[in-house]
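Dear colleague,

Please find the structure below, together with its sequence. A summary of the findings follows it.

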Amino acid sequence: DGLGGISDGDKVSQLVVSSMMEGFFVGEEEPQQRLYRLVQEANRSVNSFLSGKNGRSGSTVVAGRLKDDQFHYISVGDSRISLYRNGQLMQLNREHIYRNELMHEAVNKGKSINEAYRAERGGSLTSYLGMGQLKYVDAPAAPIRIQPGDKLILMSDGIYNTLSNGELEDCLLLSAQEAAEQIETLIKEKALSHQDNYTAVILSC
């Protein structure tokens, strides 16, 4: 998901996808190692593309590998990876946003949790491809064991900032294709004046 409202965000996000797709079938690493390498290579490509350009740009990324009943993933930024199981949607990764840093500081220094949670710039990214060296990269300590009937949804903030977990859970009762179509329908019905771009990949297991 390219950084919204910033120059070349669309080009950067496309570059991330093409870089990771080109490198996916290269090498013989373990699945999680491969995902780390792909993010490393994508970040190098984006930094090279942005070198010498004026202004700030970049992209978030979420990626996963599902084989048999094992799901590995990696993420940078505020896009989400969630598991839908038995009617409930559970977020797997952590968002790399300023609010989380403020919450950590509040806990350690005894500051107001409420103020940290409601900070005006709380949603600002603290890690994204194109920032130079990545500050955070999120990945599981062990692969997620997938059960029959599970669904995985990888989505940009334009979806989860518009639809509630309950609305997404209702959509995910449907088949993957129907769920994707229903998500788009609900977003269009809300017709928010500042609707962000929205992207989702839904895997039905």
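**Overall fold**

In the protein, 66% of the contacts with a separation of 6 or more are between residues 24 or more positions apart, a contact being heavy atoms within 4.5 Å. Please note that this is a predicted model, in which local features need pLDDT of at least 70 and side-chain atom pairs count only at pLDDT 80 or more, while totals for chains, interfaces and linings use all residues. Residues are numbered from 1 along each chain as its sequence is written, and side-chain values use heavy atoms, with hydrogens and water left out.

The protein contains 7 helices and 7 strands; these are DSSP runs numbered from the N terminus, helices being H or I of at least four residues and strands E of at least two. Their order from the N terminus is α-α-β-β-β-β-α-α-β-β-α-α-α-β. The radius of gyration is 17 Å, close to the 17 Å that the globule rule gives for 205 residues, so the protein is as compact as a globular protein of that length. This radius is taken over C-alpha atoms, and the rule is 2.2 Å times the number of residues to the power 0.38. The C-alpha trace spans about 45 × 45 × 35 Å along its principal axes.

Of the 205 residues, 40% count as buried (buried is under 20% relative accessible area, exposed over 50%, partly exposed in between; 1.4 Å probe, protein chains only).

**Cysteines**

A search of the whole structure returned 0 disulfides, defined as pairs of cysteine sulfur atoms within 2.5 Å. For Cys171, the closest cysteine sulfur is that of Cys205, 18 Å away and therefore too far for a bond. Cys171 is buried, at 1% relative accessible area, whereas Cys205 is partly exposed at 34%.

**Leu134**

Leu134 lies in the loop between helix 4 (113-117) and strand 5 (144-145) and is partly exposed, with a relative accessible area of 25%. Leaving aside residues up to four places away in sequence, Leu134 touches Val39, Asn43, Val76, Ser127, Tyr128 and Leu129. Its C-alpha atom is separated by 9.0 Å from that of Gln40, 94 residues apart along the chain.

**Position of Leu66**

Leu66 is found in strand 1 (residues 61-67). With 34% relative accessibility, Leu66 counts as partly exposed.

Yours sincerely
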